[in-house]
Amino acid sequence: MRTSRKLTVALDCPEDTWPHPDWPAPDDPYVGEVVPLVRAADVVILHRDEPSAAVRELSATAAPAIVISPCRDTEAIVEVFRAGAGYLVEGDYCTCMLSSAVVGATVGHTYLSPAACAALREGARRLPSGGEALERLRELLSPRERQIMELLSTGLGAQEIGLRLRLSEKTVRNNLSNIYAKLDARGSTDAVLRWLGAAPVIRT
């Protein structure tokens, strides 16, 4: 997905802790500049040791947000995700993924890095009978719908999922509507939380 202009990212980060001083690269197709949080921007990145601190700030952020943190705690990640922000675990992504997450945020996609997804799944397995309930929930979906949910859970939207699976965007959206109904999900965020086992399973 290409944007008509390069995006501006506002960064809020404790002094000298930002791990990507050379990002964005001059040839980055999506991100044009990184500015202090005091300036208006297309997307906000909050770099925090404690994700709970970021959650309190998200309500005051008008722009879409991404939280970057070393924390892999399931509850903390769910809290950030429910607040509508993407979550990248420090050291678990490259700058290309970071740029993709920024672009996704501008169109309402909440990106989770692989370690964040894994933390949610691990948390679900630790719940009493969580693994069995999650397996029953997943069995409600067809093999194609499971493929779509795996991609949706990483923050991809319908267009990107369609490209990966060689399906039309309309077909992906129809599948997503069926998935939301089967999972009793209110939308994509709710569906992803249920798929990863980080929300109560309603149907059995």
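Just after helix α7, R166 takes a positive phi of about 60°, helices here being DSSP runs of H or I of at least four residues, numbered from the N terminus. The model is a predicted one, in which local features need pLDDT of at least 70 and side-chain atom pairs count only at pLDDT 80 or more, while totals for chains, interfaces and linings use all residues. Residues are numbered from 1 along each chain as its sequence is written, and side-chain values use heavy atoms, with hydrogens and water left out.

Helix α7 itself spans residues 158-165, and A158, E160, I161, G162 and L165 are buried there (under 20% relative accessible area, with a 1.4 Å probe and protein chains only). These buried residues pack against α6 (143-152) and α8 (169-183), contact meaning heavy atoms within 4.5 Å.

I161 also belongs to the largest nonpolar core, which has 48 residues and in which Y87, L112, M149, I161, L176 and I179 have the most contacts; such a core is a set of buried Ala, Val, Leu, Ile, Met, Phe, Trp, Tyr and Cys residues joined through side-chain atoms within 4.5 Å. Leaving aside residues up to four places away in sequence, I179 touches L141, E145, I148 and M149. Apart from this core lies another, of 19 residues, among them Y30, I66, L88 and V103.

Helix α6 also packs with α9 (residues 188-195), at an angle of about 105° and with axes 10 Å apart, the axes being lines fitted to C-alpha atoms over the stretch in contact and the angles running from 0 to 180 degrees between N-to-C directions. The two helices, α6 and α9, are therefore roughly perpendicular to each other, a term for angles of 65 to 115 degrees. R146, M149, E150 and L152 in α6 meet S188, A191, V192 and W195 in α9.

Notes
Buried < 20%, exposed > 50% of the residue type's maximum accessible area, 1.4 Å probe, protein only. Parallel < 35°, antiparallel > 145°, perpendicular 65-115°, else oblique.
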